[in-house]
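Thanks for coming. I have one model to go through today, so please bring it up on your screens.

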Amino acid sequence: MNDYHILVVEDERNIRNFIKTILTSNNYTVLTATTGEDAMTLLSSRCPDLVLLDLGLPDTDGQMFIQAVRRWSQVPILVVSARSHERDKVMALDFGADDYITKPFGTSELLARVRAALRHAAQRSSGQQISLYHCRDLTVDAEKRRVQLSGSDIHLTQNEYKIVSLLARYAGKVLTYDQIIQHVWGPNAAGDNRILRVNMANIRRKLEANPAEPQYIFTEIGVGYRMAEGE
């Protein structure tokens with residue numbers, strides 16, 4: 001039994017019950033709210049470890065809810081929404097959401113995103129960062145600044161390494177194009193996705209057996225990139 005409390009903010013009963021069943025069967029304690037007002041009350045009174053948020057609430061827009069929460073809390077927020085438009089995803093992440101999952105979704109995908117968000121929050125609060133990432137045949141050792149595939153060193157340029165190490169640090173979480181660009185090239189370079197795409201194409205040629213069907217770095221079209229969750 002784990003001690004994590006998750007607040008599910010969803011006004012559609014069937015979806016709310018579906019998410020609650022998944023989480024409770026995996027030993028999470030679940031709180032539920034159907035409006036932004038009720039959710040804000042539970043946030044301040046019960047202090048959950050994670051918020052699963054639907055953007056289409058009856059009393060407020062989810063984007064505004066994220067902004068309001070971020071004025072006073074850094075609780076991880078995982079957006080769960082039927083809105084598939086790229087602009088909605090990027091806006092939610094820019095406003096402070098930790099991740100975004102689009103309905104319909106599978107049980108394993110939801111649980112993986114929940115684990116990743118909770119793990120990143122724990123690392124953030126403790127000041128610790130993952131120094132060693134391992135998934136299948138790929139290892140990223142931040143302490144030694146080494147990337148290995150099947151035990152062999154992979155030569156990456158300085159910027160390629162910055163991209164890979166950043167994605168590995170937040171494995172399982174979507175990072176927007178602008179978040180990656182600002183980390184690697186600085187805030188003045190934000191908005192120019194072309195240079196990032198060129199670097200990512202080079203990275204995939206070096207890391208992926210088939211760059212068209214990646215195993216390690218996935219594209220969230222129009223939003224950004226996500227590294228496979230580490231083992």
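Predicted model: local features only at pLDDT ≥ 70, side-chain atom pairs only at ≥ 80, totals over all residues.

UniProt lists residues 5-118 as "domain: Response regulatory", in an unreviewed entry. In the model that span is 48% helix and 20% strand, and its end C-alpha atoms lie 11 Å apart.

Look at strand β4, residues 77-81. Are its residues buried or exposed? Five of the five are buried, so β4 is largely enclosed by the rest of the structure. In a regular strand, side chains alternate between the two faces of the sheet. Here Ile 77, Val 79 and Ser 81 point one way, Leu 78 and Val 80 point the other way, and all are buried.

Now the partners of β4. Strand β3, residues 50-53, runs parallel to β4 and is joined to it by three bridges; Leu 53 has Val 79 as its bridge partner. Between β3 and β4 the chain passes through helix α3, residues 62-70, in a right-handed β-α-β crossover. Strand β5, residues 99-102, also pairs with β4 in the parallel sense, over four bridges, and Leu 78 is bridged to Asp 99. β4, helix α4 (residues 86-95) and β5 form a right-handed β-α-β unit.

Three strands make an open antiparallel sheet, in the order β10-β12-β11. β10 (174-176) and β11 (217-220) are the edge strands with a single partner each, so one side of each has no neighbour in the sheet. From one strand to the next the twist averages 30 degrees. Helix α8, residues 193-207, lies across β11 and β12, at about 145 degrees to β11.

Which residues touch the most other members of the largest nonpolar core? They are Tyr 133, Val 147, Leu 167, Ile 180, Ile 217 and Met 227, out of 29 residues. The elements giving two or more residues include β6, α7, α8 and β12, while α6 gives the most, with six. Leaving out residues up to four places away in sequence, Met 227 touches Tyr 133, Val 164, Leu 167, Ala 168, Ala 171, Gly 172, Tyr 216 and Ile 217. Another core, of 20 residues, lies apart from this one; Val 9, Leu 57, Val 75 and Tyr 100 are among its members.

Technical notes. Residues numbered from 1 in each chain as written. Heavy atoms only, no water. Pairing = 2+ DSSP bridges. Axes fitted to C-alpha atoms, helices over the stretch in contact; angles between N-to-C directions. Contact = heavy atoms within 4.5 Å. Core = buried A, V, L, I, M, F, W, Y, C linked by side-chain atoms within 4.5 Å. Buried < 20%, exposed > 50% of the residue type's maximum accessible area, 1.4 Å probe, protein only. UniProt positions renumbered as here; feature names shortened; annotations may be inferred. Right-handed = clockwise from strand over helix to strand, strands pointing away.
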